[in-house]
Amino acid sequence: YGLFVRGFDLDGPGELPRVGFAVRGVPKESEPPAYGFVEPVKDRPAFTAARREAFVPVGVYLDSMPLTPPEIRRVVGMAKDSGANLMSVPLFGAGWALEGELLTYDQQAAYRLDVLLEAAQEQGMRVMLRLEAGAQGAAPLPASLQAYAAEGGGACKTLDEFWTSLRARQAYKKKLRYIVARNAWRSSWFGVQFFEGVAPPAWWLDEMAQLVYDLHPYLVVQAAERNEQAPADSLRLNLALLSSTADLRRWRERSKKPAVLIPKPGEAADVRQAWRDVMAGASGAMTRGIPDVGSLAPLRTALHELPWTTAPVDAQRVESPYPFSAVLLSDSAVLLYVEGAPEVESQPPLPLGEGRGEGAFWETAGAPLSRWERAGVRAPASKALPQTIRVPIRRDGTYEAQWKDALTGELLGEPARARYRDSAELPVPHFDSAVVCVLRRVGR
């Protein structure tokens, strides 16, 4: 094939030399792992990839990115090796900010983004781009928006002025057009988060998200932080980023759109907290930073056992002798997560309190640690009495239960089949930290 390029400017038309390129078909069986765009499912808090299968985001939330192509590819590889399928990366750090001056885009930063998305495509990863960062309220403009201040060519002094300034919104739309036009063809691009640390007004989100959707209708994962101070839902927003389980509960009461809990600043990569987040009803999970190799794979594999795109999946608390236990419940499968050694009669039960914010149903004291971990000792194994947990089921029938270590994926025992009605009583194997049981309906 040949490509002829003709351009026009104030001096008249101009032509570039002919550009040749080859096109080859890719059989479906050899499509790359990240082939196809991710889209939200209508009226369900879930996503689908290439409109064929469910995509449950299990990701890493990175506070910074390296600058050289080899290091960028190395970080993508580390994220993949952890078992994640998504990376959330900032575009406002040193060397990554695109707009140093108003309407002037840094080509070195744009090239680094090219490398990131290309490496993610090759390794089957998706990338969420966090475009800006700031603080809520009438604070001065954040560093990532200095191009919109007077010294950068703009006329804004605060974020409130940035939201309302017609000139600022017009210039920001041009930046969005540049980003989308340059990268729209890459299916490794999961979506955009407009701001970190700020919940933009719903009307501003509607205006910007509509522009992105008009430019790239398949890039529909458009995320923003929401909280009690900014509860109004944007019409185009289709992924809410929340900071507490209380916010998650309120969001679930008024919206069917997906929601994910944001790891707290300074929080270590805690895979158990990621488990807790999805068991509280989040549409996916993220750790702050990259955890150990393979540690997110059991979570990702277990979540894809559930029919997210075809049937409701509900999170429920389960009473048990363990510090934390909860289920994800669907018509054909149940996912049970259990953490911590069981309580014994000599010790009072731990309060089922809070994990992220007020009103959740698990314990925390600044970090999700068991009583024994806080005391600096190894948790005792459950050797006194066999422990069982009763979990609800939606459909009577024959089920197969398989226990696994939630952090390593190691199988714990053989699959066990039994017929249940209304609920299933499951014996819990001995474990050190956390286990998960996948209960599948296999017959009547």
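Strands are DSSP runs of E with at least two residues, numbered from the N terminus, and two strands pair if DSSP finds at least two bridges between them. The model is predicted, so local features need pLDDT of at least 70 and side-chain atom pairs count only at pLDDT 80 or more, while totals for chains, interfaces and linings use all residues. Residues are numbered from 1 along each chain as its sequence is written, and side-chain values use heavy atoms, with hydrogens and water left out.

**View 1. An open sheet is formed by 3 strands in the order β5-β6-β7.** Pairing in this sheet is antiparallel. Because β5 (38-40) and β7 (53-55) each have a single partner strand and stand at the edges, one side of each is left without a neighbour in the sheet. On average, neighbouring strands of this sheet are turned by 45 degrees against each other, direction ignored; the axes are lines fitted to C-alpha atoms.

**View 2. Strand β5 pairs with β6 (residues 47-49) over 3 bridges in the antiparallel sense.** Valine 38 has alanine 49 in β6 as its bridge partner.

**View 3. Strand β13 (residues 189-196) and β14 run parallel and are joined by 2 bridges.** The bridge partner of glutamine 193 is alanine 223 in β14.

**View 4. Strand β14 also pairs with β15 (residues 239-242), in the parallel sense, over 3 bridges.** Here glutamate 225 has leucine 241 in β15 as its bridge partner.

**View 5. The side chains of strand β14 (residues 222-225) point two ways.** Gln222 and Ala224 point one way, and Ala223 and Glu225 the other way. All are buried, that is, under 20% relative accessible area with a 1.4 Å probe and protein chains only (exposed is over 50%, partly exposed in between).

Note on methods: Helices (H or I, at least four residues) and strands (E, at least two) are DSSP runs, numbered from the N terminus. Axes are lines fitted to C-alpha atoms, for helices over the stretch in contact, and angles run from 0 to 180 degrees between N-to-C directions.
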